[in-house]
Every structure is written in structure tokens, then in C-alpha cells.
Amino acid sequence: MRQTIAITLNGSPRRFDVDVRQSLMEVLREQAGTLSVKQGCGVGECGACTVLIDDAPVDSCIYLAVWADGRAVRTTEGECRDGQLSPVQQAFVEEGAVQCGICTPGFVMAATALTERRPGEPLDRDAIRRGLAGNLCRCTGYATIVTAVEKCICREEE
Amino acid sequence: MFPISDYKKATTIEEALALMAEDPGLRPIAGGTDILIKLHKGKPGYDRLVDIHDVAALSGIRLNDSGDIVIGPGTVFNQVIANELIQTHLPVLATALATIGGPQVRNMGTIGGNLCNGVPSADSAPALLVFNATVTLRSHTGVRQLLVADFFKGPGEVDLAPGELLTAITIPAADHRDHFGHYIKYAMRDAMDIATIGCAAAVAIEGDRLGDLRLAFGVAAPVPIRCPAAEAAAKGRPLDGELAERVAAAVLSDVRPRDSWRAAKDFRLQIIGELARRALRHAVMNAGGRLPCDRP
């Protein structure tokens with residue numbers, strides 16, 4: 001049950017020979033080498049495996065790899081351009097929104113989708129929390145993460 | 001790797017129906033947020049799949065010539081929520097779907113899958129029940145349409161024969177035009193949780209009276225239910241402080257909640273009465289009326 005899929009991974013066209021039983025997370029980690037994509041719960045509850053598919057966040061652990069065929073996939077590896085961190089990544093660094101780091105790539109991608117969706121539109125802390133509700137962090141208590149996203153949105157508005 | 005033993009991909013409804021007619025043991029998979037989790041946990045009976053994830057004809061929302069809203073069952077929750085027709089004509093459905101999971105799950109899970117999964121806690125169900133929504137079920141040999149209320153057979157069980165596929169969810173024009181609704185989900189957390197109790201109300205008001213109430217609950221019985229006793233107790237009554245109390249009292253004869261690790265039966269009964277009051281009050285407000293609150 002093998003199939004070739006063509007995806008645009010972080011802006012580059014890539015082809016992968018996949019088993020239809022594989023999750024997108026498995027293909028990204030084992031074949032594409034994008035190891036920022038983490039397996040946490042494996043059942044779509046923790047968000048550690050969050051990637052953007054056509055700019056919408058999904059849990060790649062419960063998304064079949066074959067479904068990504070013909071679509072654009074983004075992981076944190078592609079958010080850093082020309083040696084520059086993305087605004088979301090930079091804000092996470094500045095606010096220290098990281099402790100053990102396992103959940104961080106998923107949070108960065110969920111926050112990226114959240115801040116890109118309605119550029120310039122203000123989001124209060126409640127809206128940010130709702131936007132990140134599909135990601136769990138067991139270390140930070142979320143305050144620094146929410147502040148990082150808030151800061152990133154403020155910066156975009158400047 | 002998911003323990004899938006058989007996999008066929010369909011790109012059209014006809015192709016899916018032909019595959020399922022040939023092999024009725026195949027189970028359709030759309031968004032995967034229920035089935036892939038069952039497979040991950042090793043639950044038997046989900047390993048032979050016909051993949052309808054990319055059947056374009058199952059996705060999208062439109063108004064038909066009669067003014068009915070027709071929702072493609074393969075439409076993911078976030079697309080339903082953001083859809084202009086839904087925002088304009090059926091905002092209560094958007095409210096209900098926005099309580100499901102988190103952003104990632106709402107980008108993957110489909111409204112049709114939420115119904116076909118058949119759990120009593122499906123957040124789409126109460127909102128569809130109060131608008132008299134129907135499901136269209138197609139097979140290789142025919143098509144039938146039934147009320148969402150008749151689709152649920154038992155916990156995890158729906159009236160879907162082998163070889164049948166849910167191809168449309170329809171909300172009749174008269175129902176979404178004349179009724180205004182509200183949905184409240186009571187859960188332990190505000191996200192990534194299933195409902196302890198879900199309640200939808202839809203009302204039509206006539207002057208200072210309640211012309212019609214429709215009330216539906218999730219997790220209040222083995223399947224999502226409408227509440228005929230509460231609805232009868234409210235019909236034609238004045239919009240006064242007593243109305244919400246009448247509904248909250250009558251609804252107790254409509255429901256059969258159970259004890260579970262999630263919540264005790266007595267607690268659920270308490271929540272059911274309170275959600276009935278609140279959903280009714282909000283629905284009346286959404287219909288342009290006002291229900292005074294008599295309670296302290």
C-alpha cells in the first residue's frame with residue numbers, strides 16, 4: 001500500500017514514497033527530516049505535532065500522509081528565513097516562552113497561523129488563549145507564551 | 001503507522017458508493033479525527049477504509065432553490081463556522097461547532113463525521129436537531145432522507161446501512177428563517193473536552209408570546225434528543241419570568257442522563273435544568289425578545 005505524494009514543504013517541492021498507513025507526522029520526521037515536528041499524545045490532543053497545511057494548523061499525528069498530496073506543508077524549519085527568525089519565533093525567544101521545548105514547535109506553528117489569519121486585527125489575551133487551545137504545555141503555565149503572541153501581534157501593527 | 005488492512009481511495013461520490021457496494025465492509029474515512037484515534041488505540045472494526053477525504057462534492061455549503069441550507073458532510077468544522085451563509089442564517093451552528101476540540105481538530109474534523117460517529121456528546125447534533133435538519137443517505141442503489149432526530153439509534157450507532165454514505169445535511173428554509181437559537185456546552189474545560197451536557201434552543205416569538213420552542217440536548221440520554229415535554233410546556237406562553245421555570249421543570253421528564261466518571265446523574269440533571277433556562281433566555285434575546293429573570 002505505497003503511494004508517491006508531492007508536497008510543497010516549507011516552500012520547496014518534494015516527493016515522498018509513503019505507505020498509506022503512515023501519518024504525516026511520521027513522514028515528516030522519518031523521511032523529510034523535519035524533526036521539529038514532535039509526537040506527544042498521538043491522538044490530536046496536545047498539539048506538539050502541529051504543522052500548517054495550506055496555512056491552516058492541523059495535528060499531523062492524526063492526518064494521513066497521503067492527504068497532504070498536492071498541498072503546502074509548513075513546519076518551524078521553514079519559518080526561519082535568511083538566518084532571521086520569524087516574528088513569532090523571535091517573540092518566543094524574547095519572552096522566554098520556552099522551557100523544556102517539546103511543545104514549542106507546535107505552539108510556534110499554531111501562533112503563526114493565528115497571527116497570519118487576520119493581520120492587523122487586534123487579539124486580546126482571551127482570543128490568543130482560544131487560538132492556542134489545541135496546544136498543551138506542561139512547563140510554562142502559558143503566561144509567557146500568550147505574552148509572546150501578544151507582542152508579536154503588537155509588532156505587526158506598528 | 002496505523003493498523004489499516006485495506007485502503008481504497010475515492011475521488012467522487014459515485015466512486016465511493018461503487019467501492020462500498022462491491023465491499024460493504026469498507027468504512028468511509030473523511031477527517032479522520034475519530035477513526036484514526038480509534039485505530040491508534042487498536043480498536044477493532046476500523047481497519048478497512050474507503051478514503052473520502054478528497055471527495056470535493058462532499059464539501060461546501062449552499063442555498064438550494066427552496067432556500068434550504070445544504071451542508072456537504074465533508075466540510076470541516078472551521079469552514080462551516082466561517083461560512084457566510086451559516087454566519088447569516090444559522091449562527092447557532094457556528095457557535096456549537098466552535099466548542100469542538102481546538103483549532104487543529106476543527107481544521108480536520110467534518111460535520112458529517114461528527115454525526116456519523118454517533119456519540120451522545122456530538123456538539124453538532126443539538127443545534128441541527130432544533131432546526132429540523134435532515135440527512136441524505138445515498139447508496140449504489142438508492143437514496144433516502146431522514147430527520148437527524150431519527151438518525152441516532154444508540155450510543156455510537158446511527159441508521160447508516162452498509163454501503164450507505166451521508167451525502168448532505170439540509171436545514172429547511174422555513175426552520176432557519178423563523179427560528180433563532182442558542183447553544184451552550186457545559187464541560188470541565190473550555191477547549192479540548194467533550195460535553196458533560198450540551199443544550200440547543202430555538203424559538204419563534206409572536207409579539208409578547210413564545211410562538212414555538214425547540215429544545216435539544218446532548219449527553220442527556222443515550223442519543224442526542226429533542227424535548228417534547230419542555231417544548232409543549234412553553235408553546236404559546238407569555239414571555240414572562242415563569243416561562244423559563246416551566247421549561248426547566250418540564251425538561252426533566254424528557255431526559256435520561258446517566259452516571260459516569262465524567263459526571264453524576266444528579267449533577268447532570270441540575271445542569272440540564274439550568275442550561276434549558278439559559279439557552280431559552282439567550283434564544284429569545286437572539287429573536288429580538290426579552291425574558292425577565294425572576295430568580296435571585
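In chain B, strand β6 (residues 134-138) and β7(B) run antiparallel to each other and are joined over five bridges. One spot to look for is B:Thr134, which sits opposite B:Leu147 in β7(B). Keep in mind while you browse that this is a predicted model.

**The sheet in chain B**

Chain B has an open sheet of five strands, ordered β4-β5-β10-β6-β7, with antiparallel pairing. Which strands sit at the edges? They are β4 (61-63) and β7 (143-147) of chain B, and each of them pairs on one side only. Ignoring direction, neighbouring strands in this sheet are turned by 25 degrees against each other on average. Helix α1 (residues 13-22) of chain B packs on the sheet, where it touches β6 and β10 (165-171) of chain B. The direction of α1 makes about 135 degrees with that of β10(B).

**A helix pair in chain B**

Further along, two helices of chain B meet: the axes of α12 (residues 241-250) and α13 (residues 265-286) come within 8 Å and cross at roughly 140 degrees. That angle is why α12(B) counts as oblique to α13(B). The crossing of α12(B) past α13(B) is right-handed. If you want to colour the contact, here are the residues on each side.

| Helix | Residues in the contact |
|---|---|
| α12(B) | B:Ala244, B:Val247, B:Ala248 |
| α13(B) | B:Gly273, B:Ala276, B:Arg277, B:Leu280, B:Arg281 |

By type, the residues of this contact between α12(B) and α13(B) split into five nonpolar, one polar and two charged.

Chain A has five helices and five strands, and along the sequence they come in the pattern β-β-α-β-β-β-α-α-α-α. The radius of gyration of chain A is 15 Å, close to the 15 Å that the globule rule gives for 158 residues, so chain A is as compact as a globular protein of that length. Along the principal axes, the C-alpha atoms of chain A fill a box of roughly 50 × 30 × 25 Å.

How many residues of each chain take part in the contact between them? On the chain A side there are 25, and they are in contact with 19 residues of chain B. Both β4 (56-59) and α4 (125-131) of chain A supply at least two residues each to the side that touches chain B. The top contributor is β4(A), with four residues. Sorted by type, the chain A side of this contact holds 12 nonpolar, seven polar and six charged residues.

Key. Residues are numbered from 1 along each chain as its sequence is written. Chains are lettered from A and ligands numbered from 1 in the order in which they are written. This is a predicted model: local features need pLDDT of at least 70, side-chain atom pairs count only at pLDDT 80 or more; totals for chains, interfaces and linings use all residues. Axes are lines fitted to C-alpha atoms, for helices over the stretch in contact, and angles run from 0 to 180 degrees between N-to-C directions. Angles under 35 degrees count as roughly parallel, over 145 as roughly antiparallel, 65 to 115 as roughly perpendicular and the rest as oblique. A crossing is left-handed if the near helix is turned anticlockwise from the far one by less than a right angle, and right-handed if clockwise. Two residues are in contact if their C-beta atoms, placed from the backbone, lie within 7 Å. Ala, Val, Leu, Ile, Met, Phe, Trp, Tyr, Cys and Pro count as nonpolar, Asp, Glu, Lys and Arg as charged, and the others, Gly among them, as polar. Two strands pair if DSSP finds at least two bridges between them. The radius of gyration is taken over C-alpha atoms; the globule rule is 2.2 Å times the number of residues to the power 0.38.
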